[in-house]
Every structure is written in structure tokens, then in C-alpha cells.
Amino acid sequence: MIAEYLTTRFGLPEWLACGGVALVQCLILLGIMMFAAALFTWMERKVAGRIQDRLGPTRVGGRFGWLQSVADGVKLLAKEDLIPGEADGLLFRLAPYVSFCAAFCVYLALPFSNGWVAQHLNVGVFFIVAIAGLEVFGVILGGYSSASKWSLYGAMREAAQVVSYEVPLGLCVVIPVMVAGTLDLVAIGNMQRGWGVNWLVFHNPFLFITFFIYALCTLASTNRAPFDLAEAESELVAGFLTEYSGFRWSVFFMAEYGSMYAMSGLGAILFLGGWHGPIPLAEMLGLSYANHAVLGWLGDLLGAGNFLCKAFLGVAAMMWLRWTLPRLRIDQVMTTCLKYCVPLAAAMFVGTMLWTYALPGGLLPRSTPLGAVAEAPPWTAPRAARGERP
Amino acid sequence: MINWHTCFFLLFATITCAFAVAVVVSANVVRMAVCLIASLAAVSGLYFLAAADFVAAMQLMIYVGGTLVLLVFGVMLTARGPFVSMKITPANWLMAGLAGGALLILLLCAATSVDAWKTAAVAASAPAAEGGHTVAPIGMALLGIRVDALEQANPALRGGIAGYLLPFEIVSVHLLVVLVGAAHLARARRRRRPAEAVPDASRSA
Amino acid sequence: MELARLLPLLLLSAWLLPLGSFAAIVFAGPRMGRGGRKAAYLATGAIGAALVLSLAALGAWLWHHPLAADSQAVAPLSGDWYTLAEFGKLRLAIGYYIDALTLGMFVMVTLISTCIHVYSIGYMREELGEVTDPLVRGSDGGPLVRPGRFPRFFQYLSLFCFSMLGLVVAGNIAMVFVFWELVGICSYLLIGFYIERRSASTAANKAFLVNRVGDFGMIVGIMILLGGLGTFAFGDHLGAEGKVEPGIFSQVRPASAEHGLVVPDGLVRMAAADRLAAVYASMPSADAAEEEIARQIPQLRRAGYGYGLLILAGLGIFCGCVGKSAQFPLHVWLPDAMEGPTPVSALIHAATMVAAGVYLVGRFYPVFAPEVLLVIAVTGCITLFLAATIAIAATDIKRVLAYSTVSQLGYMMFSLGLGGWAAGLFHLFTHACFKALLFLCSGSVIHACHTNEMTEMGGLRKKMPWTAGTMLVGCLAISGAGIPLLIGLSGYHSKDAILAQAFSFARHAPAHAWLFYVAAAGAALTAFYMFRLWFMTFSGKPRVEQVYDHAHESPAVMIVPLVILAVLAISAGWTLPGVDWGLPELLEQARPLGTAEGFPEARTIAGLVVPAEHHSHAPAVHKIVSLAAFAAALAGFLIAAAFYGLRLLSAAAARRWFAPVHWLLVHKWFFDELYDALFVKPALFLARQAAEIDRGVIDWAADGSARLCLRIARIDDWIDRWIVDRFINGLGRWTWRLGLALRPLQSGQLRQYVVMIAVSTVTIFVLISIYRNYAFLP
Amino acid sequence: MPLLNQPVSLSHYLLVGAILFACGIVCMATKRNAIGVLMGVELVLNGAAVNFVAFSAPFLRGDAELALGLDGHLMTLFVIVLAAAEAAVALAIALCYYNTHATIDVDQGDELRG
């Protein structure tokens, strides 16, 4: 839309306009991600400190040490970058960027507000889950190529853990998708408009439980405590990160925080109403495109703020859990997944299915595929009208 | 006028083919896996370009997990030395190359043999935006209703008979059976000593 | 629900319940509690429920058709539950034929069976654990020890009840025959219950074989009826086109002839087949021939065609009844059947097996011609006297009762043969009650004494007061005790009716007056041997101290059925005052159409007169007969008391005086020996000759052919070895070489296979493209 | 850039599929590592799947009415799913093979040679 505007208004070549807009979008997303990583690095230390009855960083940048992240970054950049002699150099260098790219690509399909999404994908949910799963590749490659036993152990644990937890995670994601009847994240978000009771997490008791399973699986798939066995500093020195230092190390960490934020955001959209607050403030104030374009934009901005807050709260909860719970053993991790999460998620799936189809009318208007046929969706229109083959 | 579709196609096709060749020439199993996943990810990009968004997402999702497991197995089963490679003789390379090359030539001939395949119908404009909404139709097709074939003249075919409910169920059951079978095959057993594993008697038979 | 639908349903349930219990015990018997204890409860419950259903059915019947002193015959309900098959016009069906007789039999059978089931729970208790049978020698020389067969016993009982009920409810002869044979096989199984005892297995075989003789006659009868009448069914059926197809009874006694006996057209045609064939040959068309034949049939009937067949059919059916009801000359199996457990004897003698014969005669009564009835009467008369005399000399308590049964069955047949339809069946019912009672009492005694010999008993009255009391009731009932002309035990009423009919018959046909005298003498004999039994068993001093000391009263589970049966034995013959409801009235309601008048001379074909039954109730007849019967019974009782009760006379002395007679009676009139000489010995002789022929001629021929085969086989072997085998071996060798040549191709190298597949694919495509004129190339 | 201005047609996709297929065959033929062979199989399957998707797109070809449409997508889905199933079984077999032969080299497993 903007690219068209640029082309017609300023006569830029099309490729330049499109490329420029894409670049700007990427930069915005990168900025959000970097900012989030920096903020969370600081916050993690503060939260850890508070929970452990310490103060955490206090000096750098004033009262709360809020420039601590910058200081850390400078330190890491200045550190010597080591590559072990036995290591597989190419993969060793590649690994952090694989992780970071995966974490970043998630943001491409993540809507921040109504229509505020870099690439509006019809299969957004699947895309995000698939890309988020790619992050583990970096970890495994890093662990393998370090030519260190600790790293390899860490990487293998990570692989087993992530592959296992993708099953319940996928099931948990599918449940709200089933209720919503679409894979389009923007549509799912807009479906939960209105008061907070319209959020999918309150749609039925099964979805409520599903949300907590989702949160648990998110912890595991982003490799956070109590599931951070890949690092496990008490057993494996630093797991897959043992041989990394300096900038590459920091890239891994940015990827981790980035994906934490992204997964919290996904959870917010799927369960917690996305960019719609508990009170329909924007509607009350008349902030909609129907009134004026600027008002509508303001409403979207409010929604974006809402969304960022929810995702932020999710990350805060993750930190809270990290510094509260002890780390699990690897067999306990697998038990939690295969013996509890998977059956529970499957049961929730069945329960939601029964609830949605057995009960007449849930809290949300049903727009299941079968219902959609009755309402004559666009694809039932004659094909010739859509300019396809006759 | 730049054709974006062509641009992205060239990009993804290049990545796909290059990494596929890299899989062939690489000797290290982990690097092979990395190349493979790059190639497959690019294939999924091609799917997006061909207006198959759901298939693309599935490709990404399933092959990521699948290749990840491949990778892990590769690492675990070849972990005796840090980077084990198994060399083959140049004669083998030649044989394989000749066979593969002949097959490639054959396929290329076949791919370019039909004229209608070489002329794009409406590809001049970006088609993905229009055609890339296949999630719901595929879901309906798997439930046995072909919403893309509603104007089908034959009422028997239109009535959902042409749907994919039965194959879907068959594939589901097949997957279940395969999972059980794989778990059975891979169940933990007493590990034999290497000396027993390759008895001399069987070699001389 | 209307009666026509309710009754079949109730009776079907009552009938199938024992079958269900049988099936359940067959499959799960040994697992029903310890030693199969619960099988007894299951079987008893099933038959008890059947009793309840039967009573309900009877109640429903009486509600719709209340009895009256002059109750008219009520049309029976007949129909089919299920059609097994249809062959042309012939239907094979599981049908029903329900009238008051059926319902009465149902109640009687289920009631007696229930009592016997309950009794058996106590009697067969030993079978729960391991059983030591002192009469059989095991393989180690000691007494045989075998596992108990408690569930098996009840399984047989259930099957027995099912078979009997099926026989009673059956609506066609085919079904009757099936259940007839089922009853036979059940009695076979139960008589041979102690299969290890040689005597038991022989007795079972004997019962089975003797019954086969009778059944042969029965099959002949059924075949004649089927060939002549073209149907199996008793009652009328609604045909396929809504046409009423007449059953056997309405064909033999058509309504058009006021239910008089008429030789049916079918039988006439059958008998005059030659003449009718000639008619067919002479007439131009089949229709015309049919017309002509229809015109001729009355003439032919008057000429006597078909009457012989009717008599033959009746005799055939009766022949089966002779076998089943142990009538002379096929009575020999019944006393031997005492080898079975005593409750089984009670069941066979009272309610099921032997009653089946009498019941069938009663059921087929409309079909019997006067000549057949005379045969029946004479047979019954001979039987009753013969059996009574043998009973006098017997010392085995169960054998006395067995012969008494034969004798009483003789009475029933006798009565039926003389036209006393209701009287005979009345006696069947009352006899069922008191004979079951007597057998169960004797079982109680045997249970206590562990012996059957009366000469080892005596004085048991004090040890077993209940048994002695109830048995006394049974003896009084069977002897026909009562206050003349007023009231009496059940046997008094039924036997009086029989004798009255005999007297009435004798007055109409003086030539057959001897029948009455023999029957009256039989009554005296009955009283004598029954009280002889009672006195020898229960009164006087114990003869063998060991037995006496060991004896004890039976448990309550055995006593209660005795008491119930005793009450029945007393009261079964009574007519309820006020409403005039009783067994005779019930039977009168079931009387087959057209038989009420007997066979007055005008309607009989052979000039024989069978008096109507109600004539014998006339006071003139009744008073005389009543007094005569009472006098006979009293005489028998007094003699028995003189010999065995008061010991005024010496039994041993009497034996000496009448030594030849006693010798004859102890050997049972030498029937067994006679049959042995007449049938068994010749049969064995023939078998031996056949065996000789087998060995000498057939074996020789078989050996010779075998030798020939061997020679041919040798030649064949040579051909096989030198021609066929070499060809095959050559083929195999070539295959082997080819395989060896191709062997290196399978290198076991996965990669090589892949290359081969790729190269092959390319080759195939290249070949195809050459063939298709390079169609694949751009 | 004339190259970038040309529309892409079905044949181009088929070329990519062919190259993937041939690479898969060569990979299967040259790898002694069982996992490598498996990767070759994956490449072959993907080559086929690319063809399916390409044939299903109507805008890539002159005779658009002959396009497979949704059928092609569904077939591709089944190919992907069955490939996953195949991978599971093949990996289990590889594990067994390793357990019995103490190596992953497929050249060692020639007990069934003629």
C-alpha cells in the first residue's frame, strides 16, 4: 500500500519502492527485537536480584542501572572472539546467525495490531510455529561444531527436548485455531474484540487449561528454566554455549530473548485477545476507521500498545518462573512432556471439540469451516468472477 | 518492469539447487543436513510462489522437525570420531554421476517437451496474492467437500465424493501404524559386542 | 392381549426356559459354584418359572373358558411359531396346538418336575464332590473313584423337561416325532447316568432299542398319515392364499359329517391307487379325470377302500406309544430303567417319558378306529394284569414301583381303548402325582438305607416318620382308597372312572366282559403289592440291623416335595365344591370333537360299539362299580396286611404252596428270556455269520485287489523314477544354473541397487521414447 | 534486466524438480552413510512434490484448465506426510542396523548378497 503510494506519488521505480518499504519494515522489527532483548537482559538481572533478595544492577546509567544492557553489549563486543581449534569453523560461525534468523523471521508474520504485520500470511500460526522450531538448529549446530563434549551433550538434550515439546505445543496451538476456524493470526485477533470475556482463554474451561499447557511448552521450546537443560551450568559448564564468547554469544542471547517475546506474543494473540484490551477502550472512545483515518490509526496504536504489554507480561512471568523453580532432570523433562503435556493437550483438544460442537453456541460466534459454508464464503463465488479459469 | 515472481523464483530455485548439490558433494553428515534443510526451506519458498501457502507451511514445519531428527541421528550414529566421513572410490562416483546425469537429461527433456508448459498464462502479474488462500479449501477437502469444485458439472463428483476424507483417514492410520512400528523397531535391546555383530561365518557364506 | 396371542407366548416361554437352562449348564456347568452347585438352582429356577408361566396360561384359559359341569368342547388354538421349511404343500413348522389338555399337561409336567428338581438337590448331593462307586471296579482293582456329575444331572433334567414340554405343545406330528425321540434320548442319558455300571449302560441301551421297535411302527403310522392326508399339522391352518388347509383331525373327522369318523379322501385315493390310475388312463384330460375320481370316491369309500390304511395308521401310532409307555409286549425296558438315579425314575414314571405315550394316544384319539381302540384296550388289559402279578413277587422296592407303573399305564391305555378318554387321561394326572410321590419316597428310603432290597428293610417307620406317612398316602392313593360313593384319594376317583367305563363297555359288548374282571382283579393286586411294599419297608422289626441303624430321615429339601406331592395325591381327584371345577371337567372341555358320543353302533364301521363316557357316570353303573372296586382294593389290602403287616399268614409258606406260580412271577413271565431266544440270539447268530462272510469273502477280495494295486504301483513307480523324475530334475538343474549365473547381480550393495534402478529407468524411458518416435523430446 | 522481466512457467519449476530428483539419486548412490542415503530419499521425494505443486498452479501454464488445482496440493501433503512416516521407519531401521553391525556404513550390510 505504502509502496504503491510511493510509486505513484514520487515516481520511484517499483523495485526501489518495494525494496525500500521492505527494508524499513525489517529495520523496525529488528529494532523492536533488539530493544526487547536489551530491556529483558536488564530486567532479567533486576528480577533475579529482587527474587533472590538482592538489588541487581544499580549503578550504570542512574538509579536502576537501566544502561546496564548497553554496558554489557559494549563489553561483549570488545571481547576476544574464540574458535576452538578442533571446531568445524563454518558451522561454528553459522550457528548463532541461524538462531537469530529464526527468531527474527517469527516477527515477520506476527501482527502487532489490527493489520500491523510485516507479511500478512494466511497460514500465520503454522508459519510461526514452524519458524520458531528452526531456532533449535542453531543450538544444535553450535553444540556439535564446538567439538566439545559439554556442548554436544547440551545440543542433544536440546534436540530431544524441542522435538518432544513441539508435539504438545502444536496441539495447544491447534485448539484455539480450531475454535477460531482460521490460521490467520489477524483474523484470530480480531475475533476476540470487545470485553475481556471474549478472549479465547475464557472461551471454555478446556481452553483455559490449554493456555497453561501452552505456557509450559513455550518455556520448554524457548529453552528457559526450568527446562534450560541445554545450558545447565551446574552439569555441563554452559552446555552448547561453552565454547562461545563475545559477540556470537550475545547473538545467541538476543535470539533467545527475541523468541521468548515472540512466543509470548503468539500466546497473547491465540489466547489473551491479541491487541484487544480487557475493556474495549478504543471502541468506547470511537477510535475506528469508520470515523476518521487518523482515529482508526490511533486505535490501532492503542492496540499495539496493548499487545506489547501482554507479551511483556508473558516474558515477565517466564522470568519469574525461571528464578523460582529449580531445574528439572532430563528424564523429568521428557516425562513432563510425554506423560502429562501430550495426553492433557489431547484431552483438551477433544474437550474443546465437544464443547464447540456439542454445545449450541459458545461464548464466541462460531466460524468453523462447516459454519462457513453455510454463510457462503468468498470461495464459493463463481470462479469467473474472481478472474480465474472459467 | 521487473517481474517479482521471477526474481523470487530465481532466488529460491538457485538456493534449492545449489544446496541440493551441496548435499551430494558434502562428506560430513551434519553439513549435509544443514544443506538439506536450506534446500528444503527454499523449496517451501517455491511453494509459496506457486500459491500453495498451506503446503509451504507444512513443508517448513514437518521437514524442520524431520530433518532435525535426521541430524541428531547422524550425529549420534557417527559420533565415534568427531567428523567421520566414509569415502567411496572415484569409480563409484563416476557410475553414480553417469546414472544421475542420464536421469537428469531424461527429466529435463521431459520437462521441456510440452509447449503449453513453457508459456505462462497469467504469471505476468503477481498471482500469489489472489491464489494463496488454500487453507480452508484444503481443510474442507480433507473433510470430504471440494469447495473448489462446486461448479463441477458431474453431480456425483460435486457431492463430496471427490473429497479426500478417506485418503486422509488412511494416511492417519498409516502414520499411527508407522509410529508404533518404528517404536517397536527401535526399542532398546541388549547391545551386542562388535565382534559378534559381524560374524566371520556370515561373510564367508 | 387376546388369548390367541397370549397363550402361545406364555407356553413358548415356559417351554424354552428349560432349554435355556440346559444350554447354560452345558457351557458353564462346571464353573457354577463348587462342584457345579449353582447349576441345580438354575435348572430349578427355570422349571419353577415355567410352572408359574404354565399356571398363568391355565388361569388365562380358564378366565376365558370357565369350566361347567356340562362344558362343551372348546376349539383349540393352533398355529405355527416358526416355519422351518416348505416342500411344495408340505410345511415343516414349529407349531402349537393348545387346548385344556395341553395346558393341564404343562402344569402337571412342570409341577412334578419342579418337585423332583428340588428333591434332586438333596438327593444328588453326593455328586458334588468326588464319588466312590462301590458297584464298579476301577482300573486299580478298588472301587471306582470319579468326579461328581452334579451339573450334568441337572442339565439332563432340563433337557428332559424341555423335550416333554415340546412334545406336549407340539402342533404337528413331525414335531411330535422329534420331541418323542428327544425324550427317548434323555431317558437314555439319565438311565445310563452311572455309565460305569455295566447294568446301567445295558439298561440304557435296552430302553433305547426297545423304544426303537415302537418308533418303527410310529414312523409307519406317520408315513401313512402324511401320504394320505398330505399334512403334518393337527389343527387347521390358514394357507398361503388365505384358504383354510384342514389338519389331520378335521380331515379324519370332518365337520360335514358331524365330526364322525370318516376315511379321508386321501387315504381312499392311496388305497385305490390302481383303480384311479386306470381312470386317469381312460379319461382324455387331467381335469376330467379329477372330476371322475371325485365322483367315484364316495363309492370307493363305501366299498371299504382306505379303512385298512386308517387302522394301520392308528396301530402304527399306538405302536410307538406301546414302546414309550412300556405296554405289553414292549414293557421289558421300564423295570431295567431303575438303574438311573431315583429322581429320574420318578420323572420318567410320573411326568415325562411314559406319560408321553398315554398323552399321544389321547391326542390322536380322533384318528383311532374302533378296531384300533379294541387293540389298545386289550393291550392295556394284558399289561395291567401281567405287571401287577410280577410286582407281587418282586423284592426290589423300585422294581415293585416300576411294575406298578406299567400296570397303571395299562389301566390308562385300557381306559382309552374302551372309550374312556377323560377317565384314562384323568388317571394319567392323578397317577403322576402319587407315582412321583411313591418314587421320591422310595428314593428317600434308598438314600437312607443304601439298598434297594425290601428284604433288608423293615421297621423304618420310627426312623423315617415323614417318609412313611407320605408313602402311606401314596399307597392309599394308588390303591384307590376312599369312602365309596362319597369321596376318596385321587386314585379312587380316576380308577373308579376307568372301571365304570369298563363295566359300561362290558354291558354293551358281553364278549369283552372279561376285560372288566381282569381290571377289577388288577385293582386288588395293586392294593396287595403296594401294601406289601409298605409293610415290608416300614412296619414290623428291622431285618438287617446294620441297615436299620444307619437309616435316618432325609433332609428338609427332600421332605418338602414329598409333602407337596402327598397333598396333591390326596386332592388331585377332587372337584371343587360349589363351582364344580376339577380335573375331569377340565379334560371334558378338551375332549376331541365327535368323541363324546363314543362309537354308537350306527356310526361304527365294523359294527363294534364303544359306549359314550357319560353313560358310565350313570348311578346304576357307578354304584356297582364303586363298591366292586372298593371291595377289590380292600381285599388286596387285607391280604397284604395278613401276610406282611399282622403276620397272620406266612409269606414263605405261601411261596412254597404256589411254587410254580412264584417261579413264573419271579422270572417275570420269562419275557426277557423269550426275547433273548427270539431276537437277541438269532441276531447274534446272524452277526456271527456275517462276520464270517466278512472275513472269508470280503477280506479276501479286498486283499486281492490290494495286491493288484501294489503290482500296478510298482510299474508306476518305475515310470515315475525314470521318466518323470528325470524331467523334473533336469528342469531343477537348469533353474539352479540360471540362478547361479544371476547370483552376482544381487551384490547386497545398496548403492549399486540405486544405480541399477536409475539406469533401468532411463533405459526403459529411452526405449519407450524410441518406440513412441521420440515423443518425450522437446 | 530482460531475464527478470520474463514470466516463470511450469517448465522452470519442473527443471528445479528434476535437479532435486537427480541430486537425490546421486546422493543415494554415493553415500555410504545410511543417514546420507535417507537424505537422498528426502531429496527425491521433494523433487516429486515440487512437480505436484507446479502442476497444480493454473497461472504457470498456457493450458490453465488442465491444472491439477487442489488435488496437486493434497497429493503434495500426502507426499510430505508419507515422507515423514518413511523417515520414522527408516531411522528405526538405521538404529537397528547400527545395533547389529556397530556401524552405519551401508556397504557393510551385504549379508543377503547372492
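## Basis of the description

Because the model is predicted, local features are described only at pLDDT of at least 70 and side-chain atom pairs count only at pLDDT 80 or more, while totals for chains, interfaces and linings use all residues. Residues are numbered from 1 along each chain as its sequence is written, and chains are lettered from A, with ligands numbered from 1, in the order in which they are written.

The secondary structure of chain B comes to 10 helices and 0 strands, where helices (H or I, at least four residues) and strands (E, at least two) are DSSP runs numbered from the N terminus. Of its 205 residues, 41% are buried, a term used when 20 or more other C-beta atoms, placed from the backbone, lie within 10 Å of a residue's own. Among contacts in chain B with a separation of 6 or more, 48% are between residues 24 or more positions apart; two residues are in contact if their C-beta atoms, placed from the backbone, lie within 7 Å.

Towards chain D, 86 residues of chain B are in contact with 75 residues of chain D. Elements giving two or more residues to this side of chain B include helix H1 (4-25), helix H4 (90-111) and helix H8 (165-185) of chain B. By class, this side has 62 nonpolar, 18 polar and 6 charged residues, with Ala, Val, Leu, Ile, Met, Phe, Trp, Tyr, Cys and Pro counted as nonpolar, Asp, Glu, Lys and Arg as charged, and the others, Gly among them, as polar. Chain B also meets chain C, where 12 residues of chain B are in contact with 10 residues of chain C, and the chain C side divides into 8 nonpolar, 1 polar and 1 charged.

## Chain C as a whole

Chain C has 29 helices and 10 strands, and buried residues make up 48% of its 778 residues. Of the contacts in chain C between residues at least 6 apart in sequence, 77% join residues at least 24 apart.

## A hairpin and a helix in chain C

Strand S3 (residues 130-137) and strand S4 (residues 143-147) of chain C run antiparallel and are joined by 5 bridges. They form a hairpin with 5 residues between them, and Gly141(C) in the turn has a positive phi of about 90°.

Helix H23 (residues 556-571) of chain C has 16 residues and reaches 22 Å from its first C-alpha to its last. Its buried residues include Met558(C), Leu562(C) and Leu565(C), and among the elements covering the buried residues of H23(C) are helix H3 (100-123) and helix H17 (421-449) of chain C.

Definitions and conventions. The expected span of a helix is 1.5 Å times one less than its number of residues. A residue is buried if 20 or more other C-beta atoms lie within 10 Å of its own, exposed if 12 or fewer, and partly exposed in between; C-beta atoms are placed from the backbone. Two strands pair if DSSP finds at least two bridges between them.
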